[in-house]
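These are my notebook entries on one structure.

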Amino acid sequence: MRVITQQTLGGPEVLTLVDAPEPRPLPAEVLVRVKAIGLNPLEARLRAGEFPLIGRPPFVLGWDISGVVEEVVTWRFRPGDEVFGMPLFPRAASAYAEVVSAPALHLTRKPASLSHVEASALPVVGLTAWQGLVDLAGVGEGDRVLVHGGGGGVGHVAIQIAKALGAYVITTAGGSKREFVEGCGADEVIDYTAADFTEEIRDVDVVLDTIGGDTAERSLEVLRPGGHLVTAVADEDSKLIAKYEAAGMRFSGIAVDPDPVALRGLVALVEQGRLRVHVQETFPFERVTDAHRLLDSGHLQGKLVLTV
């Protein structure tokens, strides 16, 4: 099989296509012939060496996959089943590959309404949004939810999940993405290039931060008493956590993990027509460097996907 690996840290050019032996599935695992691979900003950061989540090179990046089961060492699937998921995170899943071995519990059956491209784009962003809004924040009917970065991968899915939970959803997004985030269900859009969100809104129940920087700290100003900030990017900031606690607010950091219950929850929303994932662009497997250059540019609308 072919895999995309890197021997050194650096820019997109360090990613190289090589031949490698196919993995063998362990007990409770399945072997998946990959059809599409979702790309995430985290992978660009790992490629560049911004933090050592999976150690030093050589390694194979990637977690989001959709494909067809070829071999099973489990009763949960059969050869020929179409599946998708986010295996092994935060351990290396080596998903930039034509064949991946993955724990069966980290995958679920692909809805017929989703293409492999769409399914591969969903797990990391969908599970992050679900675990933040459902499991941590417990968003419910009538809650006011602010999603920072509504046009991004996590953001556009989070808007839809919050709406499905019955929330009133406010989002920050660039002016060019207004129509897109409104199409995802946002009730109110704040163009962060033209307005300061801290001057535009108040009495928010839950803030989901996917941006980082000073966004989490500034969000303290818009939360109601007892409000809850969930962040995917600042979970280890002890000073900020103390500041929230002193103000009587809740502060939670989310580090996504494989979750079959949440994955099936996402599937249910897809099948109900209440959730869709937007793919900005697809690239053939061989053009991974081009895909990573676009990933590095930031300000994406939805997700990027490699097709195999």
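Entry: I looked up what L133 touches, leaving aside neighbours within four places in sequence, and found G138, V139, V145, A158, I161, A162, L165, V206 and L208. Contact here means heavy atoms within 4.5 Å. The model is predicted, so local features need pLDDT of at least 70 and side-chain atom pairs count only at pLDDT 80 or more, while totals for chains, interfaces and linings use all residues. Residues are numbered from 1 along each chain as its sequence is written, and side-chain values use heavy atoms, with hydrogens and water left out.

L133 is one of the residues that touch the most other members of the largest nonpolar core, together with L122 and L306. That core holds 83 residues. Another core, of 16 residues, lies apart from it and includes L146, L220, L229 and M249. I took a nonpolar core as a set of buried Ala, Val, Leu, Ile, Met, Phe, Trp, Tyr and Cys residues joined through side-chain atoms within 4.5 Å. Buried is under 20% relative accessible area, exposed is over 50%, and partly exposed is in between (1.4 Å probe, protein chains only). In soluble globular proteins, nonpolar side chains tend to be buried together.

**Entry: Q131.** I found Q131 in helix α3, residues 123–136. Helices (H or I, at least four residues) and strands (E, at least two) are DSSP runs, numbered from the N terminus. Is Q131 buried or exposed? Q131 counts as buried because its relative accessibility is 4%. Beyond neighbours within four places in sequence, I list L136, I254, A255, V256, D257 and D259 as contacts of Q131. I also checked Q131 against V230: they are 99 residues apart along the chain, and their C-alpha atoms are separated by 9.8 Å.

**Entry: T215.** I placed T215 in helix α7, residues 215–219. T215 has a relative accessible area of 9%, so it is buried. Not counting residues up to four places away in sequence, T215 touches H148, F197 and D209.

Entry: In α10 (residues 288–297) I marked V288, T289, A291, H292 and L295 as buried. They lie on the same side of α10, because they cover an arc of only 155 degrees around the axis. The arc is that of the directions from the helix axis to the C-beta atoms. Which elements cover these residues of α10? Those I noted include β1 (2–5), β3 (29–39), α1 (41–48), β14 (279–284) and β15 (303–307).

In α1 the buried residues are E43, A44, L46 and R47. Their arc around the axis is only 165 degrees, which puts them on the same side of α1. I found them packed against β3 and α10.

I then looked past the helix ends. G49 follows α1 with a positive phi near 85 degrees, and G298 follows α10 with a positive phi near 75 degrees.

**Entry: second largest pocket.** I read its volume as about 180 Å³. A pocket is an open set of points on a 1 Å grid over the protein atoms alone where a 1.4 Å probe fits, with protein on both sides within 12 Å along at least five of seven lines; lining residues have an atom within 4 Å of a point. I counted 15 lining residues, with P23, A93, S94, V99 and S101 nearest the centre. Strand β6 (residues 99–103) gives the most to this lining, with three residues. By type, the lining has 12 nonpolar residues, two polar and one charged. Nonpolar covers Ala, Val, Leu, Ile, Met, Phe, Trp, Tyr, Cys and Pro, charged covers Asp, Glu, Lys and Arg, and polar covers the others, Gly among them.

Entry: Most residues other than glycine have a negative phi, and most peptide bonds are trans. I noted these exceptions.

- S94, in the loop between β5 and β6, has a phi near 50 degrees. S94 counts as partly exposed because its relative accessibility is 31%.
- H299, in the loop between α10 and β15, has a positive phi of about 55 degrees. At 66% relative accessibility, H299 counts as exposed.
- P57 and P58 are joined by a cis peptide bond, with omega about 5 degrees. I found P58 in the loop between α1 and β4 (64–72).
- F89 and P90 are also joined by a cis peptide bond, with omega about 10 degrees. P90 lies in the loop between β5 (82–85) and β6.

Technical notes
Grid points are joined across faces, edges and corners, and a volume is the space filled by probe spheres set on the points.
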